[in-house]
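Visitor: I am new to this structure and would like to go through a few of its residues with you. Could we begin once it is in view?

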Amino acid sequence: MSERSVSKQKSGKRWYTLIAPEQFDRTEIGSTFADEPEKVDGRTVEVTLGDITGDQGENNTKLTFKVNEVTSDAAYTEFIKHELARDYVRSLVRRGASKVDVAITVLTTDDYRVQLQPVAFTTKKADRSQEKAIRRVMIDLVEEAAAERTFDELVDSVIEGRLSSAIYGEAKTIYPLRRVEVQKLTLEARPEEVAAEEEAAVDVDEEDVAVDDA
């Protein structure tokens, strides 16, 4: 045994296997080192979709997970972000064409607040009214998707390309498109956090309308 291994053992540190959520088939997505389980909780790990599926063609999609449960030798995670690699997005831009994007914050049926950023690439240069109409399609379809899906279902729709395909199918009638992607999906708040924010907002409103009897 090496001196380094002996040193690590004496320090009480150990490796914890990082496990993806059930939605991603509890795949092992790495490992992390710590002397106490409490120090593992909250850590994040970034992997590619290709790391999980084994398909190297999906390495342009980055997924971020956050540890939310730790056992004696494993750290279980939750999904918090999907993002396309910047180099990949840049490769889709063409001179003389338009890149149309927008950020949309929505609430899923199970009360997760999520921000999505779809992006469309046109075949040629679109004018402002056409870009505005494409953004309107993006907003409407993202809001519709969230209103009909749980958080996990919405994530699946993005990762599997169904949402981007729906946007492409409708937006191409406004102006010819070369490609549509969801370049980022970020978990902004969990149901309990959303509920706490709403409760705090109600408390503030009640204070604002309070009448002084004096």
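Visitor: Is Asp25 buried or exposed?

Guide: This is a predicted model, and in it Asp25 is found in the loop between strand S1 (14–19) and strand S2 (28–34). Exposed is the word for a relative accessible area over 50%. Because Asp25 has a relative accessible area of 66%, it counts as exposed.

Visitor: What is the phi of Asp111?

Guide: Asp111 lies in the loop between strand S7 (104–107) and strand S8 (113–122), where it is partly exposed at 37% relative accessibility. Most residues other than glycine have a negative phi. Asp111 is a residue other than glycine, yet its phi is positive, near 65°.

Visitor: Is Glu83 buried or exposed, and which residues does it touch?

Guide: Glu83 has its place in strand S5 (residues 74–84). The cut-off for buried is under 20% relative accessible area, so Glu83, with 13%, is buried. Leaving aside residues up to four places away in sequence, those that Glu83 touches are Asn60, Thr61, Lys62, Gln183 and Lys184.

Visitor: Within what arc do the buried residues of H6 fall, and what do they pack against?

Guide: In helix H6 (residues 162–171), the buried residues are Leu163, Ser164, Ile167 and Ala171. Seen down the axis of H6, these buried residues line one face of the helix, because they fall within an arc of 100°. The elements that the buried residues of H6 pack against are S8, helix H4 (128–148), helix H5 (151–159) and strand S9 (177–189).

Note on methods
Residues are numbered from 1 along each chain as its sequence is written. This is a predicted model: local features need pLDDT of at least 70, side-chain atom pairs count only at pLDDT 80 or more; totals for chains, interfaces and linings use all residues. Side-chain values use heavy atoms; hydrogens and water are left out. Helices (H or I, at least four residues) and strands (E, at least two) are DSSP runs, numbered from the N terminus. Buried means under 20% relative accessible area, exposed over 50%, partly exposed in between (1.4 Å probe, protein chains only). Contact means heavy atoms within 4.5 Å. The arc is that of the directions from the helix axis to the C-beta atoms.
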